[in-house]
Structures are given as C-alpha cells and as structure tokens.
Amino acid sequence: MANRINVLFVCSKNQWRSPTAEAVYRDDPRVSVRSRGTARSARQTIRAGDLAWADLVVVMEDKHRHRLLADFPGETKFLPIEVLHIPDDYQFMDSELVEFIRVATEPFIDSYQSKEPPIP
C-alpha cells in the first residue's frame, strides 16, 4: 500500500460537515485526517500550518475553496483542493451526509494514492 496521505476536510464552522468527514476517515489506514473551518467563529479555524500539513484538501463547497485561495495564496499554490459540493443541510454524522462524503471523497483519495510519491 502507498504511504498514508494527509487529508484536510474544510467547511465553514467546523461543526457538522468537516468533523463528520474527519470521523468517517479517522480509522482509514490510507489517510491521516484533520478538519477545520473557514469562518472566524469556527470550532477550529484553518491556519497556514494546516495547509502545510495537508497533501490533499477536501472542501464542502466552492466558497470554501475560494476562501482558501484568497486567504492563503502561497500555501495553496500547488496544493490540490477538491470540492465535494455538499450543502450545509446536515447535522453531525447524519447518515445521508456520511454517504455523500464517502461517495464524493473516495475518487480523490484513490486518485492521490495512485500517484507516484515525490522524490525528496
């Protein structure tokens, strides 16, 4: 198996969607996960260090991607940021949310896992 990849899940307030994604993938041997929010009122607000840690960023909506690109232009320049297109309509661990996250995230993880690791 390829090396574990660091996946950062991002939503607005780090309250329902991104913490659900983190919980879904917490025990997945392919990935290490974190979740953060873009809003100042987020439970855990995203910082430059989170982006430096991440190999792959997975955001819930286009607005999160745009926010990251605007707020962290240097850190996101070469960082893959994928959008799941999941609206803020769900509670933490809602079964429909869990299914959407799994279905939408798997292709990105599989794609990243199949890439050749960078040469140090």
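Modeller: Buried means under 20% relative accessible area, exposed means over 50%, and partly exposed lies in between (1.4 Å probe, protein chains only). Of the 120 residues of the protein chain here, 43% count as buried.

Colleague: What kind of model is this, and how are its residues numbered?

Modeller: This is a predicted model, where local features need pLDDT of at least 70, side-chain atom pairs count only at pLDDT 80 or more, and totals for chains, interfaces and linings use all residues. Residues are numbered from 1 along each chain as its sequence is written, and side-chain values use heavy atoms, with hydrogens and water left out.

Colleague: How many helices and strands does the protein chain have?

Modeller: First, the terms. Helices (H or I, at least four residues) and strands (E, at least two) are DSSP runs, numbered from the N terminus. The protein chain has 5 helices and 4 strands. From the N terminus on, their order is β-α-β-α-β-α-α-β-α.

Colleague: Why call the protein chain as compact as a globular protein of that length?

Modeller: Compare two values. The radius of gyration is taken over C-alpha atoms, and the globule rule is 2.2 Å times the number of residues to the power 0.38. For 120 residues the rule gives 14 Å, and the protein chain has 13 Å, close to that, so it is as compact as a globular protein of that length. Its C-alpha atoms fill a box of roughly 40 × 30 × 20 Å along the principal axes.

Colleague: What share of the contacts comes from residues 24 or more positions apart?

Modeller: Contact means heavy atoms within 4.5 Å. Take the contacts with a separation of 6 or more: residues 24 or more positions apart account for 70% of them.

Colleague: Now the strands. Which residues of E1 lie on each side?

Modeller: Strand E1 covers residues 5-11. One side carries Ile-5, Val-7, Phe-9 and Cys-11, the other Asn-6, Leu-8 and Val-10, and all are buried. That makes 7 of 7 residues buried in E1.

Colleague: Which strands does E1 pair with, and over how many bridges?

Modeller: Two strands pair if DSSP finds at least two bridges between them. E1 and E2 pair in the parallel sense over 7 bridges. Val-10 has Arg-36 of E2 as its bridge partner. E1 also runs parallel to strand E3 (residues 56-59), with 4 bridges. There, Phe-9 stands opposite Val-58.

Colleague: Is the unit of E1, H1 and E2 right-handed or left-handed?

Modeller: Look with the strands pointing away from you. A crossover is right-handed if the path from the first strand over the helix to the second then runs clockwise. E1, H1 and E2 make a right-handed β-α-β unit.

Colleague: What does Val-31 touch?

Modeller: Val-31 sits in strand E2. Its relative accessible area is 0%, which means buried. Beyond residues up to four places away in sequence, Val-31 touches Arg-4, Ile-5, Val-7, Tyr-25 and Ile-109.

Colleague: How many salt bridges does the structure hold?

Modeller: Side chains of opposite charge can pair when their charged atoms come close. A salt bridge is a side-chain nitrogen of Lys or Arg within 4 Å of a carboxyl oxygen of Asp or Glu. The structure holds 8. One joins Arg-17 and Asp-88 at 3.7 Å, N to O. This pair links distant parts of the chain, 71 residues apart: Arg-17 is in helix H1 (residues 17-25), and Asp-88 is in the loop between strand E4 (81-83) and helix H5 (95-113).

Colleague: Which residues does Asp-50 meet?

Modeller: Asp-50 and Arg-36 form a salt bridge, 3.2 Å from N to O. Asp-50 in helix H2 (residues 48-53) and Arg-36 in strand E2 (residues 31-37) are 14 residues apart, and the pair links distant parts of the chain. Both are buried, Asp-50 with a relative accessible area of 6%. The Asp-50 side chain also makes a polar contact with the side chain of Arg-34 at 3.1 Å. A polar contact is a pair of N or O atoms within 3.5 Å; within protein, one must be able to donate a hydrogen and the other to accept it, and residues adjacent in sequence count only if both atoms are side-chain atoms. Leaving aside neighbours within four places in sequence, Asp-50 is in contact with Leu-8, Arg-34, Arg-36 and Thr-45.

Colleague: What is the N to O distance between Asp-28 and Arg-30?

Modeller: Their closest N and O atoms are 2.7 Å apart, in a salt bridge. Asp-28 and Arg-30 are both buried.
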